[in-house]
Amino acid sequence: MKNFLDRYLTIIDRYIIKKYMGTFVFTTMIFMAIMVVFDISEHLDNFLTNHNTVYDIAFKYYIGFIPFYLNMLSPLINFLAVIFFTAKMANQTEIVPILSGKASFNRFLRPYFISATLVFIVSFFANVYLIPFTNKIRVKFENTNHFNGDNGSKNEVHLQLDTNGTYVYVQSYDNSMHTGYQFVLEKFHRDTLRERIVANTITYDSLKKTWTLRDYSIRYINGLREKFVKDLPQKDTTLDLKPADFEMHDNVYSAMSMSELNKNIEKERTRGAGNLKDMQYEKYRRFIYPFASFVLTLIGVSISSRRVRGGIGLPLGIGLFLCFAYIVVDKFALVFAIKSGLPPLTAAYLPNLLFGVLGCVLLYRAPK
């Protein structure tokens, strides 16, 4: 390993990698401390009202809060780290001798992209494997303690349960009682209605994993012949339906593992409840978002490698503006997919695509 490093990494490469990773880790620790302090001050009333112990707060909330927000802000942290130490190198006239010593600007970028690759690997692992697991812990704690207010329920729900033509309708749903009201189940053969079940209430039994229909009636239809059975007291049945299908959580998809997300995407294709684009975007974004480490590293080096009057203040200011612009575009990408009909895959690529083009332009104009 040492011979490999001696062969492919020069002293300058190691110096830049050390600066990059050291500044990145230091900036990450600062952001983590600031986030935790501000979040404690914001949710202190929630913690005290719900009588949460220190163990619950640390291992059921912040164990998910810290990875989620650090990962979300990793482009900003990475960008600021690159700009800070690169602008400092430029201000101390360390870059000019490097470029004057027969090293091309592309060769100068090598240690930056080696470091960006390390950040990419960590971010990719976090997005695909770690964050969904820790988010499940965080989301459960937030929803249990009503951090986002009382969880609402969907009303007037229409769902297709399978490809065999089974449809359900629920007029209203009570989350606390796991009970739906004015339930209708219809079974079709092609375009012909064969069976229709109507119940005043339907209640989920979490132990048996079954639904209980009360005060229900059944209508059987066979061409012009019909059979109607009414005033039936109770019936237990299994349906491809869960109470979660009636609950509204803004953060539920981020807490799904890849297998759960893929399963729900396939189920949503059948049901057509309007959440398909949200889930597809979440899936694609997990794989594409880590590439921001390369895009923002390229932009950061390009705008901060030139020595300017006033020190590192101007590059930092420009970097902050561009990085917040990246985060804004990233957050609005899902809105573009839902409201404007943009494909979720294109929406997930949009921030890296736009800022990748900007990075290439800035690289072309960077001092060589």
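**Figure 1. The second largest pocket holds about 320 Å³ of space.** Of its 16 lining residues, Phe24, Leu70, Asn71, Ser74 and Val122 lie closest to the centre. The elements contributing two or more residues to this lining are α2 (11-49), α3 (54-72), α4 and α7. The greatest contribution comes from α7, with eight residues. The lining of this pocket comprises twelve nonpolar and four polar residues, and no charged ones. The model is predicted: local features require pLDDT of at least 70 and side-chain atom pairs pLDDT 80 or more, while totals for chains, interfaces and linings use all residues. Residues are numbered from 1 along each chain as its sequence is written, and side-chain values use heavy atoms, without hydrogens or water. On a 1 Å grid over the protein atoms alone, a pocket is an open set of points with protein on both sides within 12 Å along at least five of seven lines, a cavity is a set where a 1.4 Å probe fits but cannot get out, and lining residues have an atom within 4 Å of a point.

Figure 2. The structure contains three cavities of 30 Å³ or more. Two or more lining residues of the largest cavity come from each of α4 (74-91), α7 (110-144) and α10 (292-304). With three residues, α4 gives the most to this lining. The residues around the largest cavity are Ser74, Pro75, Asn78, Val119, Ser123, Tyr289, Pro290, Ala292 and Ser293. By class, five residues of this lining are nonpolar, four are polar and none is charged. Here Ala, Val, Leu, Ile, Met, Phe, Trp, Tyr, Cys and Pro count as nonpolar, Asp, Glu, Lys and Arg as charged, and the others as polar.

**Figure 3. Helices α4 and α10 have axes that come within 8 Å and cross at roughly 25 degrees.** This angle makes α4 roughly parallel to α10 (under 35 degrees). On the α4 side, the contact (heavy atoms within 4.5 Å) is made by Pro75, Asn78, Phe79, Val82, Ile83, Thr86, Ala87 and Ala90. Their partners in α10 are Ala292, Ser293, Leu296, Thr297, Ile299, Gly300, Val301, Ile303 and Ser304. The contact of α4 with α10 has eleven nonpolar and six polar residues, with no charged residue. Pro75 and Asn78 of α4 belong both to this contact and to the lining of the largest cavity. On the α10 side, Ala292 and Ser293 likewise take part in the contact and line that cavity.

**Figure 4. Helices α3 and α7 pack at an angle of about 140 degrees, with their axes 8 Å apart.** From α3, the contact involves Asp56, Phe59, Lys60, Tyr61, Ile63, Gly64, Phe65, Pro67, Phe68 and Asn71. These residues meet Ser123, Ala126, Asn127, Ile131, Thr134, Asn135, Ile137, Arg138, Phe141 and Glu142 in α7. The residues of the contact of α3 with α7 divide into ten nonpolar, six polar and four charged. Asn71 of α3 is part of this contact and is also listed among the residues closest to the centre of the second largest pocket. Ser123 of α7 is part of the contact as well, and lines the largest cavity.

**Figure 5. The axes of helix α9 (residues 276-288) and helix α12 (residues 344-365) come within 8 Å and cross at roughly 40 degrees.** The two helices are therefore oblique to each other. In α9, the contact is formed by Lys277, Gln280, Tyr281, Tyr284, Arg285 and Ile288. In α12, Pro344, Leu345, Ala347, Ala348, Tyr349 and Asn352 complete the contact. Eight nonpolar, two polar and two charged residues make up the contact of α9 with α12.

Definitions and conventions:
Grid points are joined across faces, edges and corners, and a volume is the space filled by probe spheres set on the points. Helices (H or I, at least four residues) and strands (E, at least two) are DSSP runs, numbered from the N terminus. Axes are lines fitted to C-alpha atoms, for helices over the stretch in contact, and angles run from 0 to 180 degrees between N-to-C directions. Angles under 35 degrees count as roughly parallel, over 145 as roughly antiparallel, 65 to 115 as roughly perpendicular and the rest as oblique.
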